[in-house]
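This report goes through strand pairing, aromatic pairs and charged contacts in turn. Please keep the sequence and the structure at hand while reading.

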Amino acid sequence: DNVVSSPVQWQDLVIAGNSYYQQSMIAVRWTQAAGDVSGSTNEVWQIHRMTPYVSSPLVYGDTLYFLRHNQNVLSRLDPATGRPRAEPLRLDAIGDMIFSSPVAAAGRLYVTGRDGVTVVLSLESGNRLLAVNRLDDSFSATPALADGDLYLRGERFLYCLSGR
């Protein structure tokens, strides 16, 4: 009930999650699935803790990233097995309300909170914190990445952050 986050695809799996009434995330082999796949061999794995609600999961490289419910807790799983790659990581710099989905590029993960804070993590060096950026606005939309620029749609303005 009330699934908000979008599913993601990794190889021959579709991975979908929800945490509104109950916490659940499932990986289904989409290339062979049809109809109700509950309990079938096309259901590859399930988890029932720390699952996303509004923000969608992200597959980057060989890792599935997602935020717990609307909170600042980042999980990292093996998309093939659903097993954790590391302990959940609390993103203390962001308030505990996140609607946007994480995005990644060039070995960096970007997570933007409703409070205007964007956290940047290095995915190539153990999820090390690279930067904490603050804008005086509120954000619900997922950031967009294009041509080396980061676009953020706030409630008041559209921002383009560029290294050029």
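Is Arg114 buried, partly exposed or exposed? Arg114 has a relative accessibility of 23% and therefore counts as partly exposed. The model is a predicted one.

## Strand pairing

Strand E2 (residues 13-18) and strand E3 (residues 24-29) run antiparallel and are joined by six bridges. Asn18 has Ser24 of E3 opposite it. E3 is also joined to strand E4 (residues 43-47), again antiparallel, through four bridges. In this pairing Glu43 of E4 stands opposite Val28.

An open sheet is formed by four strands in the order E5-E6-E7-E8, with antiparallel pairing. Its edge strands, E5 (58-60) and E8 (89-90), each pair on one side only. Three bridges connect E5 with strand E6 (residues 63-67) in the antiparallel sense. Leu58 has Tyr65 in E6 as its bridge partner.

## Aromatic pairs

There are four aromatic pairs in the structure. One of them is Tyr20 with Tyr53: the ring centres are 5.3 Å apart and the planes lie at 25 degrees, under the 30 degrees limit, so the pair is stacked. Tyr20 belongs to the loop between E2 and E3, and Tyr53 to the loop between E4 and E5, so the pair ties together parts 33 residues apart in sequence. Tyr20 is partly exposed at a relative accessible area of 38%, whereas Tyr53 is buried at 12%. Ring pairs also bring in Tyr21, giving a cluster of Tyr20, Tyr21 and Tyr53.

Phe139 and Tyr159 form a tilted pair, with 5.7 Å between centres and 50 degrees between planes. Phe139 is in the loop between strand E12 (128-134) and strand E13 (144-146), and Tyr159 is in strand E15 (residues 158-162); the two are 20 residues apart. Phe139 has a relative accessibility of 1% and counts as buried. Tyr159 is buried as well, at 16%.

## Surroundings of Thr112

Thr112 is located in strand E10 (residues 108-112). Its relative accessibility is 1%, so Thr112 counts as buried. The side chains of Thr112 and Thr118 are joined by a polar contact of 2.8 Å. Leaving aside residues up to four places away in sequence, Thr112 touches Ile98, Ser100, Val117, Thr118, Phe139, Pro143 and Leu152. Phe139 in this list is the residue that pairs with Tyr159.

## Salt bridges

The structure has six salt bridges. Among them is the one between Glu155 and Arg114, whose closest N and O atoms are 3.1 Å apart. It links the loop between strand E14 (149-153) and E15, where Glu155 lies, to the loop between E10 and strand E11 (117-122), where Arg114 lies; the separation is 41 residues. Glu155 is exposed, with a relative accessible area of 56%.

Another joins the side chains of Asp137 and Arg156, at 3.9 Å from N to O. Asp137 lies in the loop between E12 and E13 and Arg156 in the loop between E14 and E15, 19 residues apart. Asp137 is buried at 10% relative accessible area, while Arg156 is exposed at 52%. Salt bridges with shared partners also join Asp62, Asp78 and Arg85 into one network. Asp78 counts as buried at 18% relative accessibility, and Arg85 as partly exposed at 39%.

Definitions and conventions: Residues are numbered from 1 along each chain as its sequence is written. This is a predicted model: local features need pLDDT of at least 70, side-chain atom pairs count only at pLDDT 80 or more; totals for chains, interfaces and linings use all residues. Side-chain values use heavy atoms; hydrogens and water are left out. Two strands pair if DSSP finds at least two bridges between them. Rings of Phe, Tyr and Trp (its six-membered ring) pair if their centres lie within 6.5 Å; planes under 30 degrees apart count as stacked, over 60 as edge-to-face and the rest as tilted. Buried means under 20% relative accessible area, exposed over 50%, partly exposed in between (1.4 Å probe, protein chains only). A polar contact is a pair of N or O atoms within 3.5 Å; within protein, one must be able to donate a hydrogen and the other to accept it, and residues adjacent in sequence count only if both atoms are side-chain atoms. Contact means heavy atoms within 4.5 Å. A salt bridge is a side-chain nitrogen of Lys or Arg within 4 Å of a carboxyl oxygen of Asp or Glu.
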